[in-house]
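Me: Please take me through this structure term by term, and set each value against the rule that gives it its name.

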Amino acid sequence: MKKILLLALLFLTSESAIELSSTSSRAENPVLVQQPVPDKSIPANPSKSPQIQLLNPGAEPRQPLRLKPKLDVKKTTTMAVKMEMGVSTADRTMNVNKVPTMVLTIDTKATKIDANGDIHYDFSYANADIAGDDPNLPTTALDAMRSAIKKMVGLKGSFIMDSRGANKGGDFILPEGADNNLKQMVQNMSKSLQQLASPLPAEAVGKGAKWRISFPSNVSGMNLNQTATYELMDLQDGVATLKTTVEQQANPQNLTLPQLPAGSTMALKSFASQGQGEVIMRLDQLMPVRSVVSINSNSEMTLKIAGNPEELTMKTKLSMEMTLYSK
């Protein structure tokens with residue numbers, strides 16, 4: 001289910017980055033108004049699986065980690081995202097903006113388990129909002145963020161994953177009135193769901209076990225390489241406590257983002273990100289019981305607005321903390 005969380009997170013951060021960047025550069029060009037889309041079902045087909053390497057099997061006793069959620073039991077998960085983002089340009093020093101906390105409510109339910117362990121499940125975004133206002137954030141950016149996050153409400157889907165958490169396909173169903181921005185974002189994510197998964201190791205493991213997951217991915221139009229390392233800190237009565245570290249890196253490339261004004265171009269010069277966190281998960285439910293992850297990233301991009309011959313170089317620093325709990 002990490003893929004479902006990342007869909008929301010990447011959608012929100014990309015919307016926020018564009019708005020903060022355009023605010024910092026004082027761009028006057030209006031963003032295109034997106035019309036509702038008639039095709040509301042987007043298939044998400046399985047792609048190439050991530051590379052999983054067991055670094056240490058851990059102490060005895062060991063057991064395979066396999067998911068087997070209870071059927072037809074709706075679980076509600078609340079995810080809160082806190083961010084601080086700073087954008088600097090050649091003529092403007094970096095000013096760090098504290099972004100209002102974004103809160104998502106996600107409902108999930110396992111509907112069927114096949115004989116081979118494959119899990120069929122449904123999910124939907126029940127609510128999305130921001131918690132309070134921040135006086136340091138421009139009103140235009142605040143309104144854009146509220147509008148962006150509200151687009152997630154009503155997004156739902158039905159998927160299949162194996163007992164180790166790897167995606168095996170499914171469909172997103174867009175909410176009523178979804179525009180092309182949301183459709184494009186979901187289409188981008190649907191191409192890399194398998195790469196965004198965090199499958200469990202095939203081998204039996206015990207306390208102290210470590211494994212590494214590495215894969216290339218395309219997220220919101222950006223090609224990047226990601227490596228995540230997990231350590232099993234505890235395993236009792238089907239409840240696993242994991243510590244994780246994540247590194248991401250992207251090479252220079254052109255970016256295609258639906259949020260940009262028509263005719264505008266954006267290019268990535270550099271991107272690097274590091275994160276760490278802790279996850280408490282029950283093997284008998286889809287979503288983690290609790291999760292806390294913090295991420296810091298640095299990037300440099302160039303932006304050329306249609307009709308303006310000057311190219312703007314932006315450096316961005318992003319600090320983010322995501323907390324999640326299920327009931």
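**Terms and values**

Reply: L174 lies in the loop between strand 7 and helix 3 (180–190), where helices (H or I, at least four residues) and strands (E, at least two) are DSSP runs numbered from the N terminus. This is a predicted model, in which local features need pLDDT of at least 70, side-chain atom pairs count only at pLDDT 80 or more, and totals for chains, interfaces and linings use all residues. Residues are numbered from 1 along each chain as its sequence is written, and side-chain values use heavy atoms, with hydrogens and water left out.

Me: Why is L174 called buried?

Reply: Buried means under 20% relative accessible area, exposed over 50%, and partly exposed in between, with a 1.4 Å probe and protein chains only. L174 has 3% relative accessibility, so L174 counts as buried. The C-alpha atoms of L174 and G154 are 7.1 Å from each other, although 20 residues separate the two along the chain.

Me: What makes A166 and M287 count as buried or exposed?

Reply: A166, in the loop between strand 6 (156–161) and strand 7 (167–173), has 10% relative accessibility and therefore counts as buried. Its C-alpha atom is 7.1 Å from that of S198, which is 32 residues away in sequence. M287, in the loop between strand 12 (265–282) and strand 13, has 2% relative accessibility and so is buried by the rule.

Me: Why is D72 called exposed, and what is its phi?

Reply: The relative accessible area of D72 is 54%, and therefore D72 is exposed. D72 is placed in the loop between strand 2 and strand 3, and its phi is positive, at about 55 degrees, although D72 is not a glycine. Most residues other than glycine have a negative phi, and most peptide bonds are trans. D237, in the loop between strand 9 (222–236) and strand 10, also has a positive phi, of about 50 degrees, without being a glycine. With a relative accessible area of 81%, D237 is exposed.

Me: Which kind of peptide bond joins E60 and P61?

Reply: The bond between E60 and P61 is cis, with omega at about -5 degrees. P61 belongs to the loop between strand 2 (51–56) and strand 3 (75–89).

Me: How do you know that Q248 and Q226 make a polar contact?

Reply: A polar contact is a pair of N or O atoms within 3.5 Å; within protein, one must be able to donate a hydrogen and the other to accept it, and residues adjacent in sequence count only if both atoms are side-chain atoms. The side chains of Q248 and Q226 are joined by such a contact at 2.4 Å. Q248 is in strand 10 (residues 239–250). Once neighbours within four places in sequence are left aside, Q248 is in contact (heavy atoms within 4.5 Å) with L224, N225, Q226, F271, A272 and S273.

Me: What makes S297 buried, and which residues are in contact with S297?

Reply: S297, found in strand 13 (residues 290–304), has 10% relative accessibility, so S297 counts as buried. Apart from neighbours within four places in sequence, the residues in contact with S297 are F271, A272, S273, T316, K317 and L318.

Me: What makes a space a cavity, and how many cavities are there?

Reply: On a 1 Å grid over the protein atoms alone, a cavity is a set of points where a 1.4 Å probe fits but cannot get out, and lining residues have an atom within 4 Å of a point. By this rule there are two cavities of 30 Å³ or more. The second largest cavity holds about 80 Å³ of space, a volume being the space filled by probe spheres set on the points, which are joined across faces, edges and corners. Its lining includes P69, K70, V73, T108, D284 and M287, and strand 4 (residues 92–113) gives the most to that lining, with three residues.

Me: Why is a set of residues called a nonpolar core, and which members touch the most others?

Reply: The name applies to a set of buried Ala, Val, Leu, Ile, Met, Phe, Trp, Tyr and Cys residues joined through side-chain atoms within 4.5 Å. The largest nonpolar core has 66 residues, of which W211, M266 and M281 touch the most other members. Strand 5 (residues 119–131) gives the most to this core, with six residues.

Methods:
On a 1 Å grid over the protein atoms alone, a cavity is a set of points where a 1.4 Å probe fits but cannot get out, and a pocket is an open set with protein on both sides within 12 Å along at least five of seven lines; lining residues have an atom within 4 Å of a point.
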